[in-house]
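Subject: Structure handover

Hello,

Here is the structure you asked about. Please open it alongside these notes.

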Amino acid sequence: IMYSSGHPQTGGNLGFRTSNDYGVTWQKVSDVTAPTPIDFHTMTVGNNPKIIYAASGMGDNIFISTDGGNNWTITNPPDGQQVVTLATNQSNSDILYSGTTNGLFSSQDQGKNWQKIDDELVIGNNTMITGIEISSDGKTAYAFAVPNQAEEAGNNGYIIKSTDGAKNWTKTEGQIPGAQF
C-alpha cells in the first residue's frame, strides 16, 4: 500500500489517500482537519498497516491513525520540537522515532511519551535530523543529521548509522561532501 497526502498546485487539499496499484490510482480515505484541512509532509507505517503516523507541514503536531487512516488523533511532538521526519520501528509499530530541528527522539507508546536519544551525533540544539529509516529487524537505522550552525565552515550534514535500535550512533564511511539541509 502507498500513502499520500497533500495539496494540488491549484489549491485545496487532497486529504489522506491510498493506492494499492503502485500509484496508478488513488482512493481518498479521509479528510484530515484540525480545525482546517491538513496535509502531511512526513508519514510512516510499521509492521501494522493500520497504525499510521504523520506530521503536518509545520511539524507542530503528530497525527496518529490506528484504523488505516480513517480517523486521526493528535499528539504533541517531543518537547514541543518541530518535527522534520518520522520513522516507525518495522518490527513494532508502537515504537516511533521523531527527527526534529533539535535532535532525535523515540517513543515506545505511539508518541504518548518521548525520550531524547542522547548521543553526541544527534544531541541538543546543535543538530537537526532531516531523515531517518529503520530496517525490518528494528535494530539497524540510518539518519541524516545537519548541524544547526551550518553557516560555519566545514559544518556539513552527515549520514549516521545505529545497530542497536537507534540508541547509539556512528558516522558512516561514505559521506556526501557539501550536503546540507
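There is one salt bridge in the structure. The term stands for a side-chain nitrogen of Lys or Arg within 4 Å of a carboxyl oxygen of Asp or Glu. The partners are aspartate 31 and lysine 28, with their closest N and O atoms 2.6 Å apart. Lysine 28 is partly exposed, at 47% relative accessible area. (Buried is under 20% relative accessible area, exposed is over 50%, and partly exposed is in between, using a 1.4 Å probe and protein chains only.)

A note on the basis: this is a predicted model, in which local features need pLDDT of at least 70 and side-chain atom pairs count only at pLDDT 80 or more, while totals for chains, interfaces and linings use all residues. Residues are numbered from 1 along each chain as its sequence is written, and side-chain values use heavy atoms, leaving out hydrogens and water.

Next, the aromatics. The structure has four aromatic pairs. Tyrosine 3 sits in strand S1 (residues 2-6) and phenylalanine 16 in strand S2 (residues 15-19), so the pair ties together parts 13 residues apart in sequence. (Strands are DSSP runs of E, at least two residues, numbered from the N terminus.) Tyrosine 3 is partly exposed at 22%; phenylalanine 16 is buried at 0%.

Phenylalanine 40 and phenylalanine 63 form a tilted pair, 5.3 Å centre to centre with 55° between the planes. This pair links strand S4 (residues 40-45) to strand S6 (residues 62-65), with the two residues 23 apart. Both phenylalanine 40 and phenylalanine 63 are buried. One aromatic cluster takes in Tyr3, Phe16, Phe40, Phe63 and Trp72.

Serine 56 touches both Phe40 and Phe63. Its other contacts include Ile38, His41 and Asn61, leaving aside residues up to four places away in sequence. (Contact means heavy atoms within 4.5 Å.) Serine 56 belongs to strand S5 (residues 52-56) and is buried, at 8%.

Finally, the charged end of lysine 171 sits over the ring of tyrosine 158, 4.4 Å from its centre. (That requires NZ of Lys or CZ of Arg within 6 Å of the ring centre and within 35 degrees of the ring normal.)

Best wishes

Definitions and conventions:
Helix = DSSP H or I, 4+ residues; strand = E, 2+ residues; numbered from the N terminus. Phe/Tyr/Trp six-rings, centres within 6.5 Å; stacked < 30°, edge-to-face > 60°.
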